[in-house]
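Today I am opening my notebook on a new model. I will go through the sheet, the helices and a few single residues, and jot down each thing I look up.

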Amino acid sequence: MADDSLFEFLHMEIVSHIFNEQQSSKGEAACISLLEAMGFRVGQGLIERLTRDTPSFKDELDIMKFICKDFWTKVFRRQVDNLRTNHQGTYVLQDNKFSLLSQFSGGKQYLDQAPKYLAFSCGVVRGALSNLGLESVVTAEVSIMPSCKFQVVIQKL
């Protein structure tokens with residue numbers, strides 16, 4: 001339990017530091033991009049360790065199921081609540097109690113702050129998928145805290 005709190009605190013401090021140090025000179029979009037890039041590298045490293053002893057995946061859906069169950073559990077301490085797909089490369093992962101938003105009160109007053117606290121996580125997912133051979137675009141949407149939907153669009157080459 002202490003590990004969860006430490007990670008959540010570290011995440012909040014990283015976001016705060018990047019936005020306090022660089023927002024005035026580079027803008028909010030650059031800060032979000034930097035957080036996403038940091039998450040990308042973390043996701044690449046984590047998936048490398050987690051799949052070391054895992055047999056290769058059959059297809060894209062198999063990879064996404066691994067992300068939703070095993071990967072999500074290791075990174076965010078619980079499985080995704082819901083995975084939906086249109087079977088054309090778009091996946092929606094819903095987490096009703098996303099750990100990195102749990103420190104915010106429920107309701108709508110902090111919704112404008114959510115994107116900067118989700119950028120790192122989007123990068124983590126994108127980095128993990130990249131290391132598994134799937135180039136993607138990952139975005140997150142929040143309508144009520146701490147529920148979050150991640151949309152993953154696999155880029156067809």
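Before anything else, a definition: helices (H or I, at least four residues) and strands (E, at least two) are DSSP runs, numbered from the N terminus. This is a predicted model, in which local features need pLDDT of at least 70 and side-chain atom pairs count only at pLDDT 80 or more, while totals for chains, interfaces and linings use all residues. Residues are numbered from 1 along each chain as its sequence is written, and side-chain values use heavy atoms, with hydrogens and water left out.

**Entry 1**

I went to Arg77, which sits in the loop between helix 3 and strand 1. Its phi is near 70°, a positive value in a residue other than glycine.

**Entry 2: the sheet**

In what order do the four strands lie in the sheet? I traced an open sheet with the order 1-2-4-3 and antiparallel pairing. Here two strands pair if DSSP finds at least two bridges between them. A reminder to myself: strands of a sheet pair through backbone hydrogen bonds, either parallel or antiparallel.

The edges are strand 1 (82-85) and strand 3 (136-141), each pairing on one side only. From one strand to the next, the twist averages 15°. For this and later angles, axes are lines fitted to C-alpha atoms, for helices over the stretch in contact, and angles run from 0 to 180 degrees between N-to-C directions.

**Entry 3: strand 2 and its partners**

I followed strand 2 (residues 90-95) next, and found four bridges in its antiparallel pairing with strand 1. Thr85 has Tyr91 in strand 2 as its bridge partner. On to strand 4: six bridges join this strand to strand 2, and the two run antiparallel. There, Thr90 stands opposite Val153 of strand 4.

Is strand 2 mostly covered or mostly uncovered? I noted that five of its six residues are buried, so strand 2 is mostly covered. The cut-offs are: buried under 20% relative accessible area, exposed over 50%, partly exposed in between (1.4 Å probe, protein chains only).

Gln94 lies in strand 2. At 15% relative accessibility, Gln94 counts as buried. Leaving aside residues up to four places away in sequence, Gln94 touches Val80, Asp81, Asn82, Arg84, Ser147, Cys148 and Lys149. Contact means heavy atoms within 4.5 Å.

**Entry 4**

Strand 1 and strand 2 form a hairpin with four residues between them. His87 is in that turn, and has a positive phi of about 60° although it is not a glycine. Is His87 buried or exposed? Its relative accessibility is 66%, so His87 counts as exposed.

Then I moved to the loop between strand 3 and strand 4, where Pro146 is found. The peptide bond from Met145 to Pro146 is cis, with omega near -10°.

**Entry 5: helices across the sheet**

Which strands does helix 3 (residues 60-76) lie across? I listed strand 1, strand 2 and strand 4 (148-154), with helix 3 running at about 15° to strand 2. Helix 4 (residues 114-131) lies across strand 3 and strand 4, at about 150° to strand 3.

**Entry 6: helix 3 with helix 4**

These two helices pack at an angle of about 130°, with axes 11 Å apart. That makes helix 3 oblique to helix 4. The classes are: under 35 degrees roughly parallel, over 145 roughly antiparallel, 65 to 115 roughly perpendicular, and the rest oblique.

Helix 3 passes helix 4 in a right-handed crossing. A crossing is left-handed if the near helix is turned anticlockwise from the far one by less than a right angle, and right-handed if clockwise.

Among the residues that meet here are Ile63, Phe71 and Trp72 in helix 3, and Val124, Ala128 and Leu129 in helix 4. By class, this contact of helix 3 with helix 4 has eleven nonpolar, one polar and no charged residues. Ala, Val, Leu, Ile, Met, Phe, Trp, Tyr, Cys and Pro count as nonpolar, Asp, Glu, Lys and Arg as charged, and the others, Gly among them, as polar.

**Entry 7: helix 2 with helix 4**

How far apart are the axes of helix 2 (residues 28-50) and helix 4? I wrote down 6 Å, with a packing angle of about 40°. That makes helix 2 oblique to helix 4. Helix 2 passes helix 4 in a right-handed crossing. The contact of helix 2 with helix 4 divides into twelve nonpolar, seven polar and four charged residues.
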